[in-house]
Every structure is written in structure tokens, then in C-alpha cells.
Amino acid sequence: MRTMKLGTSTLEVPVLAVGCMRINSLSKTEAERFVQTSLEAGANFFDHADIYGGGKCEEIFADAIHMNDDIREKIILQSKCGIRQGQFDFSKEHILDSVDKILQRLRTDYLDILLLHRPDALVEPEEVAEAFDKLESSGKVRHFGVSNQNPLQIQLLKKVVKQPIVANQLQLSITNANMISNGINVNMVNDSAINRDGSILDFCRLHDITIQPWSPFQYGFFEGVFLGSDKFPELNAQIDEVAAKYGVSNTTIAIAWLLRHPANMQPVTGTTSVDRILDCIKASEIRLTREEWYAIYRSAGNILP
Ligand SMILES: NC(=O)c1ccc[n+]([C@@H]2O[C@H](COP(=O)([O-])OP(=O)(O)OC[C@H]3O[C@@H](n4cnc5c(N)ncnc54)[C@H](OP(=O)(O)O)[C@@H]3O)[C@@H](O)[C@H]2O)c1
């Protein structure tokens, strides 16, 4: 699988991350087959969070990958913390405690990347900085990033956090593409022009922060999969046409569309199907033309001014 550098770091990562939020829906044997197949196909970057399955997903993963020192060196592990029942929590104490528990569940001594999951209104950047320093100096976390953050929130952290922010995980798919469309519709009197994210796409490109699009197949907030949905007839017809041209599935094209963007994004898939993860991985070999990219963009109802 094609690889790239994560953010400004020297860490070489596959262009696709395997999201593990839904692996608690699998049996032990299915989970083993899923993670082992991904690994064999070169998808060795796994995305977790302490809250997935209430911690179960990390445990299931450690079993399924047959975690030991040898395997650990072959995989890249990312997890997230900061979401608690009824609140967000970026306090030093919570970050440190969460990482210890994540490491226990994943049966490892270190995370390659830790992301702060969702902005905490009560964030005190000095506390985050202290937590990151401690995690870095103890060797528990090697790289740091954020998720669902806008440019000013990242700047606020950067005022005191000295480690580079290497990634920002954000919701993005062909049908959830406001971060792209607000840049196309600057200053227009239409809904696509509404800038909901403070121009996060350009900010991340300017600062070499890797965007990790989450829910690459969902429309709305986990409302369903747009592929094959009768809510998106034009989009599906367009994707199917491009898929037929390349001799691949519609799943492959939906990921290839994200990979074609020059921001060098790293989509985080959520499938738990072996066939579908292999289709997602295939996308790293396909480079859509400019015409195909825009045709798919427009067919989802995204307008050009
Ligand atoms: N940072 C954040 O705030 C945040 C939020 C949500 C998720 N995430 C991360 O992002 C990852 C992806 O999120 P997601 O699971 O919502 O993403 P997704 O890949 O858009 O959705 C995957 C779900 O769609 C289903 N699906 C049905 N048909 C499909 C098709 N043709 N192609 C692909 N999937 C199809 C999958 O079922 P099958 O399993 O049967 O394929 C699975 O249940 C998560 O695992 C997690 O790591 C991060």
C-alpha cells in the first residue's frame, strides 16, 4: 500500500487507517480474520479511542492481532481520549489516566499517536502541555494530534504545547464535504459558502497537519451509507461509472475520491468486512482525474458557483 509521512513527523504511514470503532460487532474469529487480513495487505495503521465499545474494541483488537513485542513493531497504533459521559475532559489528570488504561487494554507500552478526541470547552492548554510532556518523556506516546478541532483551537494549544500536532481527524466524505465546498463558494449567498470549520482544510495544509477523514462512507451523522442508497441516485450512478472504468468497486472509488485531494489525507475506514477493507486498500493505487473528481463532487449535490 502507498505510504506517506504523517504531518511534519518522520513517521511513515499507509495512506489509509483502519478504524476499529465497530470491531466489537465481530466474533473473535471474525475480528482475527479482519485485522490479520488488513495487516497482510499493508494496512498496518489502526485507529482506536478509549470509548469505542466502552474500551472493548481495544481489548478485542489486542487479542485479534495476537499482540506481542514482535507484532507491536509491525503496526502503528493511534488512540484517542477526552470524551467522558456527559462531558469532554482535556485535564492533565484525565489524559494521563486515559493513556495508562488504553495501553493496558491494547497490551502495549506505547502509542504511536494520541489524539484529543473532541474539543473540551474547559481546556487549559498548559495542562495539555504538561500531560503531553509527561507522556513523551516517559515514552508512552510518540506523536500527538487532535480530532474535530478548528484552526483557532489548534493555535490555542500550540501556544504552549511544544510537540507538533501531526493529525486532525475530521468528519469528511463525498456527502459531508462542507470543508471543501466552503472554500469553493467563498463569499457566495448560498449554504455551501457557510464556513463551519474556520477553514480547517487550508489551515491543515498550511501547517502540514494530516487530515484523517472519519466516516468516509456515511451521510449525515452516522445516518447511513451513501453507497447504494436511493437517497443519492446521481452520485451512485456517477461513482458506478467511474468504478466500471477502473474495474473496481464503488467502495474503492469513494476512498479514491478522498485520496485524490492534494491535502494528502489519510481516510479512516469503519468497515468490519474483509472484502470491503481490501476494496478500500485498492484505492491507494488509483488516482482519479480532475474531471472524475469534480463529476463525483457535483453529483452528490455539491454546487459550483
Ligand atoms: N474522531 C472522531 O470523532 C470519529 C468519529 C467516528 C468515527 N471515527 C473513526 O472513523 C472510523 C470510521 O467511521 P465509520 O465507521 O462511521 O465509517 P464508515 O466507513 O463511513 O462506515 C462504516 C460502516 O458502514 C457500513 N457499510 C455498509 N456498506 C458499506 C460500503 N459499501 N462501504 C463501506 N462501508 C459500508 C459498514 O458495514 P460493514 O462493517 O459491514 O462493512 C460499517 O458499519 C471509525 O472506525 C473510527 O475509527 C472517528
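Phe132 is buried, and Phe144 is buried too. The two rings form a stacked aromatic pair in this predicted model. This briefing covers aromatic rings first, then pockets.

**The Phe132–Phe144 pair**
- The ring centres of Phe132 and Phe144 lie 4.2 Å apart, with 25 degrees between the planes.
- That angle is under 30 degrees, so the pair counts as stacked.
- Phe132 belongs to helix 5 (residues 125-137), while Phe144 belongs to strand 9 (residues 141-147).
- The pair therefore ties together parts that are 12 residues apart in sequence.

**The Trp214–Phe222 pair**
- Trp214 and Phe222 also form an aromatic pair, and this one is tilted.
- Is Trp214 buried or exposed? Trp214 has 12% relative accessibility, so Trp214 counts as buried.
- Phe222 has a relative accessible area of 36%, which means Phe222 is partly exposed.

**Other aromatic features**
- How many aromatic pairs does a search of the whole structure find? The search finds 11.
- One aromatic cluster is made of Trp257, Trp293, Tyr294 and Tyr297.
- Tyr110 has Arg72 over its face, at 3.8 Å from the ring centre.
- Arg142 also lies over the face of Tyr110, at 3.7 Å from the ring centre.

**The largest pocket**
- The largest pocket holds about 640 Å³ of space.
- It is lined by 32 residues.
- Which of them are closest to its centre? They are Met21, Arg22, Ser215, Phe222 and Gly270.
- Helix 10 (250-259) and strand 14 (268-269) are the elements that each give two or more residues to this lining.
- The lining of the largest pocket splits into 13 nonpolar, 14 polar and five charged residues.

- Two or more lining residues come from each of strand 10 (165-171) and helix 7 (178-184).
- Which element gives the largest share of this lining? Helix 7 does, with three residues.
- By type, the lining of the second largest pocket has six nonpolar, 10 polar and three charged residues.

Methods. Residues numbered from 1 in each chain as written. Predicted model: local features only at pLDDT ≥ 70, side-chain atom pairs only at ≥ 80, totals over all residues. Heavy atoms only, no water. 1 Å grid on protein atoms, 1.4 Å probe; cavity = no way out; pocket = protein on both sides within 12 Å on 5 of 7 lines; lining within 4 Å. Points joined across faces, edges and corners; volume = space filled by probe spheres on them. Helix = DSSP H or I, 4+ residues; strand = E, 2+ residues; numbered from the N terminus. Nonpolar A, V, L, I, M, F, W, Y, C, P; charged D, E, K, R; others polar. Phe/Tyr/Trp six-rings, centres within 6.5 Å; stacked < 30°, edge-to-face > 60°. Buried < 20%, exposed > 50% of the residue type's maximum accessible area, 1.4 Å probe, protein only. Lys NZ or Arg CZ within 6 Å of the ring centre and 35° of its normal.
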